Amino acid sequence: MIGTLLFVVFIAMMLLGVPIGAALGLAGAAAIALANAGSQWFGLLAVPQNFYAGLGKYPLLAIPMFVLVGSIFDRSGVALRLVNFAVAIVGRGPGMLPLVAIVVAMFLGGISGSGPANAAAVGGVMIAAMARAGYPAAFSASVVGAAAATDILIPPSIAFIVYSVLVPGASVPALFAAGMIPGVLAGIALIVPTVWLARKHGMGALEAALSKPPFWASLREATWGLAAPVLILGGMRAGWFTPTEAAVVAVFYGLFVGMVIHRTIAVRDLFGILRASGELSAIILLVVALAGIFAYSLSTLGLIDPVTRAIVNSGLGEYGVLSLLILMLIVVGMFLDGVSIFLIFVPMLMPIVNHYHWDLVWFGVLLTLKVALGQFTPPLAVNLMVSCRIAGVRMEETVRWVGWMLVAMFGVMVLVIVFPELALWLPRKLGY
């Protein structure tokens, strides 16, 4: 009864427009109080304890740092220089600018770790460039929103950090390595329908007439941006610093590039950058902390075991259960952001994962792929919201284009299910 009330209160508050974090915390606190109605203070002392426990984890320190890195590289002009270099390589022609947008978004994924920050950085440069070349604004917003979703697969990734906190058996370095190949495959999968749609519908008619940046000059300008993922990921692989320390190194590297090399960031700009990053980090970490209360109420009410037994004994079999979970998460992903999905469902799914002996790292990549799909699946698609705002279009205008890209990335998820080595080969090769 109390378990049912927990989910009823949570869903009702979300429908009333209560922020997701507050809905998680209040529903969890109400369930704890009702379950301990006969004791003094109704057991509510568990609320502040679990609020702190949700935040008191060392890997979470990397989240505000990587959010800050995204803001710094957005303001430093690195995205524009990477775009010019990519255009110098692939040239001009129908479908080439969307291809460049996807490649640059994948590359920036190796710097920031935040999908919305990636969408803002790439969209700020590419949507205007694609408009000048004759691409419809809705198509441009769809391409940027989908491309930025690769960010949470290509390390460093905030989603992988949150998953590693929830699942101690999956280390951050192993998850980072496991996400590399599926992330690259997701980017390639997006390129195929994007270029095909552009050429089929005659988009980018003016692109061939635009000037092509000189190769060597654009390479020289892009060198500092190209070196960032090498420093971050290479430093972690060499053992110079942990993922959390790598985020701090990336912050200082980004400030050096923006303030000393490109001189696009002035001292007076720092307050705005820090404020925007602090606000976004506070939202993420507050949701994490309040979800700790919700997770505690789930475990103390004993809801996880009955749900696990019902799913396992449903007669669907291993792959039937996996298909059911994916279908459920696809529907949920249309309405909840990625971090919330992890925080709500990972504690409930872990007993099922353990029952079928699924690899924890492989399942983390699979779940992150699902979250990546949700980041550009209407009606609540955080990346698509950002790109639509930049393009000045309504989200419903993107549906005819974004559907093709969802099918392409879904195909990558099926490949990872059928061939788990796509996710597990690289971490095994690196010794994680």
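Modeller: Start with the lining of the largest cavity. Its largest share, four residues, comes from α17. Keep in mind that this is a predicted model.

Colleague: Which residues line the largest cavity?

Modeller: L325, I326, L329, F363, L366, L367, K370 and M413 do. Both α15 (317-333) and α17 supply at least two residues each.

Colleague: How many lining residues are nonpolar, polar or charged?

Modeller: Seven are nonpolar, one is charged and none is polar.

Colleague: What volume does the largest cavity have?

Modeller: About 60 Å³. The structure holds two cavities of 30 Å³ or more.

Colleague: Now the packing. What describes two packed helices?

Modeller: The angle between their axes and the distance between the axes. Here, take α16 (residues 338-355) and α17 (residues 360-374). They pack at an angle of about 145°. Their axes lie 11 Å apart.

Colleague: Is the crossing of α16 and α17 left-handed or right-handed?

Modeller: Right-handed.

Colleague: Which residues of α16 and α17 meet?

Modeller: From α16: G338, I341, F342, V346, L349, M350, V353 and N354. From α17: L360, F363, L367, T368 and V371. By class, this contact has ten nonpolar, three polar and no charged residues.

Colleague: Where does α17 link the two topics?

Modeller: Look at F363 and L367. Both meet α16, and both line the largest cavity. K370 is also in that lining, and the lining has one charged residue. The contact of α16 with α17 has no charged residues.

Notes: Residues numbered from 1 in each chain as written. Predicted model: local features only at pLDDT ≥ 70, side-chain atom pairs only at ≥ 80, totals over all residues. Heavy atoms only, no water. Axes fitted to C-alpha atoms, helices over the stretch in contact; angles between N-to-C directions. Left-handed = near helix turned anticlockwise from the far one by under 90°. Contact = heavy atoms within 4.5 Å. Nonpolar A, V, L, I, M, F, W, Y, C, P; charged D, E, K, R; others polar. 1 Å grid on protein atoms, 1.4 Å probe; cavity = no way out; pocket = protein on both sides within 12 Å on 5 of 7 lines; lining within 4 Å. Points joined across faces, edges and corners; volume = space filled by probe spheres on them.
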